[in-house]
Amino acid sequence: QVQLVESGGGLVQPGGSLRLSCVASGSIVRISVTAWYRQAPGKQRELVASITSSGETSYADSVKGRFTISRDNAKNTAYLEMNSLNPEDTAVFYCNVIAAVSGLGFRNYWGRGTQVTVSS
């Protein structure tokens, strides 16, 4: 199986920045896609950004130009650099990977999330 641990969330003022990290561990053979989702109170979980093993990225329109996703394949770690944060970015951010583990095919895995609160 794969365990995902997110970190880097917290309270930040509008206009501020945060960098989230997601470390994957377990009997990982290969991580295909890594993504960040978020869920604000009373709203559905939404895709924020994704990155493939070859480095292709995709972003939600609401974060384009402000957020940057990256990954370090050697460390099985992904990052989400968030700039120009505004209160609408307040949410629990979840790391998600599509990964193959020893003896199994590709499966979808989720972290437990890290809270990001943007408030003055």
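User: In this predicted model, which strands make up the open sheet, and in what order do they stand?

Analyst: As a general idea, the strands of a sheet pair through backbone hydrogen bonds, in either a parallel or an antiparallel manner. Here, four strands form an open sheet in the order E1-E3-E8-E7, and their pairing is antiparallel. The edges are taken by strand E1 (2-7) and strand E7 (67-72); each has a single partner strand, so one side of each lacks a neighbour in the sheet. On average, and with direction ignored, neighbouring strands of this sheet are turned by 15 degrees against each other.

User: How many bridges join E1 to E3, and which residue of E3 is the bridge partner of Val2?

Analyst: E1 and E3 run antiparallel and are joined by six bridges. Val2 has Gly26 as its bridge partner in E3.

User: What joins E3 to E8, and which residue in E8 stands opposite Arg19?

Analyst: Six bridges connect the antiparallel strands E3 and E8. Within E8, the residue opposite Arg19 is Glu81.

User: Let us turn to charged pairs. How many salt bridges does a search of the whole structure find?

Analyst: The general idea is that side chains of opposite charge can pair when their charged atoms come close. Across the whole structure, the search finds five salt bridges. One of them joins Glu81 and Arg19, with the closest N and O atoms 3.7 Å apart. This pair links distant parts of the chain, Glu81 lying in strand E8 (residues 77-82) and Arg19 in strand E3, 62 residues apart.

User: Which residue meets Arg38 in a salt bridge, and where do the two lie?

Analyst: The side chain of Arg38 meets that of Asp89, at 2.9 Å from N to O. Arg38 is in strand E4 (residues 28-39) and Asp89 is in the loop between E8 and E9, so that distant parts of the chain, 51 residues apart, are linked. Both Arg38 and Asp89 are buried.

User: What other salt bridge does Asp89 form, and which residues are joined into one network?

Analyst: Asp89 also forms a salt bridge with Arg66, where the closest N and O atoms are 2.8 Å apart. Arg66 lies in the loop between strand E6 (57-59) and E7, whereas Asp89 lies in the loop between E8 and E9; the pair therefore ties together parts that are 23 residues apart in sequence. Both Asp89 and Arg66 are buried. Through shared partners, salt bridges join Arg38, Glu46, Arg66 and Asp89 into one network.

User: Which cysteines form a disulfide, and why is it called left-handed?

Analyst: In general, a disulfide is a covalent bond between the sulfur atoms of two cysteines. The count here is one disulfide, formed by Cys22 and Cys95 with their sulfur atoms 2.0 Å apart. The torsion about the S-S bond is about -80 degrees, so the disulfide is left-handed. Cys22 belongs to strand E3 (residues 18-26) and Cys95 to strand E9 (residues 91-101), so the pair ties together parts 73 residues apart in sequence. Both cysteines are buried.

User: Which residues does Thr34 touch?

Analyst: Thr34, found in strand E4, counts as buried at 3% relative accessibility. With residues up to four places away in sequence not counted, its contacts include Cys95, Asn96 and Val97, as well as Ile69 and Ala78.

User: How many residues has the largest nonpolar core, and which strand gives the most to it?

Analyst: The largest nonpolar core has 31 residues, and those with the most contacts inside it are Val2, Trp36, Leu80, Met82 and Phe93. At least two core residues come from each of E1, E3, E4, strand E5 (46-52), E7, E8, E9 and strand E11 (114-118). E9 gives the most, with six residues.

Conventions:
Residues are numbered from 1 along each chain as its sequence is written. This is a predicted model: local features need pLDDT of at least 70, side-chain atom pairs count only at pLDDT 80 or more; totals for chains, interfaces and linings use all residues. Side-chain values use heavy atoms; hydrogens and water are left out. A disulfide is a pair of cysteine sulfur atoms within 2.5 Å. Buried means under 20% relative accessible area, exposed over 50%, partly exposed in between (1.4 Å probe, protein chains only). Two strands pair if DSSP finds at least two bridges between them. Axes are lines fitted to C-alpha atoms, for helices over the stretch in contact, and angles run from 0 to 180 degrees between N-to-C directions. A salt bridge is a side-chain nitrogen of Lys or Arg within 4 Å of a carboxyl oxygen of Asp or Glu. Contact means heavy atoms within 4.5 Å. A nonpolar core is a set of buried Ala, Val, Leu, Ile, Met, Phe, Trp, Tyr and Cys residues joined through side-chain atoms within 4.5 Å.
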